[in-house]
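Colleague: I would like a close look at one part of this model. Please take it step by step.

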Amino acid sequence: PLPISRGLATKDVFEKPQPMCIVSQKARNNHWKEMGRTERLDDTLDPKFAEKVTLLYFANEVQDLKLSVFTAEHYIGCFELKLNDLVKARRSKLIDYLKGADGKTSSSHGMITVSAEIVYPGRDKNPR
């Protein structure tokens with residue numbers, strides 16, 4: 001998944017936000033396992049992350065994902081989804097508000113856009 005966030009909340013008006021996103025997948029034991037993270041960007045509340053997180057997709061399995069957004073000093077919020085819903089979504093893209101530490105989904109925490117790119121093993125993306 002490739003996350004993009006907009007209008008992230010910050011608790012400190014003097015904070016120079018350095019947002020990053022951690023992608024986790026729920027394991028069989030119901031614990032979250034970190035699968036990857038984006039780069040940390042400097043001084044923005046509207047990050048467009050370039051770092052992609054590659055996951056194996058199994059069409060016949062439920063794969064729960066959580067994208068957690070942090071600044072250098074604070075937890076901003078998270079977005080939980082099923083990988084299958086992302087892959088099947090129009091243009092393989094989902095947009096929603098982040099759920100904050102209070103457990104509520106709200107525009108006050110910011111928005112996130114998540115997109116997926118399906119890559120087939122052994123196939124060249126740019127055939128000659």
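Is His109 buried or exposed, and what relative accessibility does His109 have? Please go on from there to the surroundings.

Modeller: This is a predicted model. His109 sits in the loop that joins strand E6 (93–97) to E7. Its relative accessibility is 12%, and the cut-off for buried is under 20%, so His109 counts as buried. A polar atom of the His109 side chain lies 3.4 Å from the backbone oxygen of Lys104.

His109 and Lys104 are both in contact with Leu98. Leaving aside neighbours within four places in sequence, the contacts of Leu98 also include Leu8, Val69, Ile76, Phe79 and Ile112.

Leu98 belongs to the largest nonpolar core, which has 19 residues. Together with Leu67, Val69 and Ile112, Leu98 touches the most other members of that core. At least two core residues come from each of strand E2 (20–26), strand E4 (64–70), strand E5 (75–82), helix H1 (83–88) and strand E7 (111–115). As a general point, nonpolar side chains tend to be buried together in soluble globular proteins.

E4 deserves a separate word. Six of its seven residues are buried, so E4 is largely enclosed by the rest of the structure. E4 pairs with E2 in the antiparallel sense over six bridges, and Phe70 of E4 is the bridge partner of Met20. With E5, E4 also pairs in the antiparallel sense, over seven bridges; here Leu67 has Phe79 of E5 as its bridge partner. E4 and E5 form a hairpin, with four residues between the two strands.

Key: Residues are numbered from 1 along each chain as its sequence is written. This is a predicted model: local features need pLDDT of at least 70, side-chain atom pairs count only at pLDDT 80 or more; totals for chains, interfaces and linings use all residues. Side-chain values use heavy atoms; hydrogens and water are left out. A nonpolar core is a set of buried Ala, Val, Leu, Ile, Met, Phe, Trp, Tyr and Cys residues joined through side-chain atoms within 4.5 Å. Buried means under 20% relative accessible area, exposed over 50%, partly exposed in between (1.4 Å probe, protein chains only). Contact means heavy atoms within 4.5 Å. Two strands pair if DSSP finds at least two bridges between them. A polar contact is a pair of N or O atoms within 3.5 Å; within protein, one must be able to donate a hydrogen and the other to accept it, and residues adjacent in sequence count only if both atoms are side-chain atoms.
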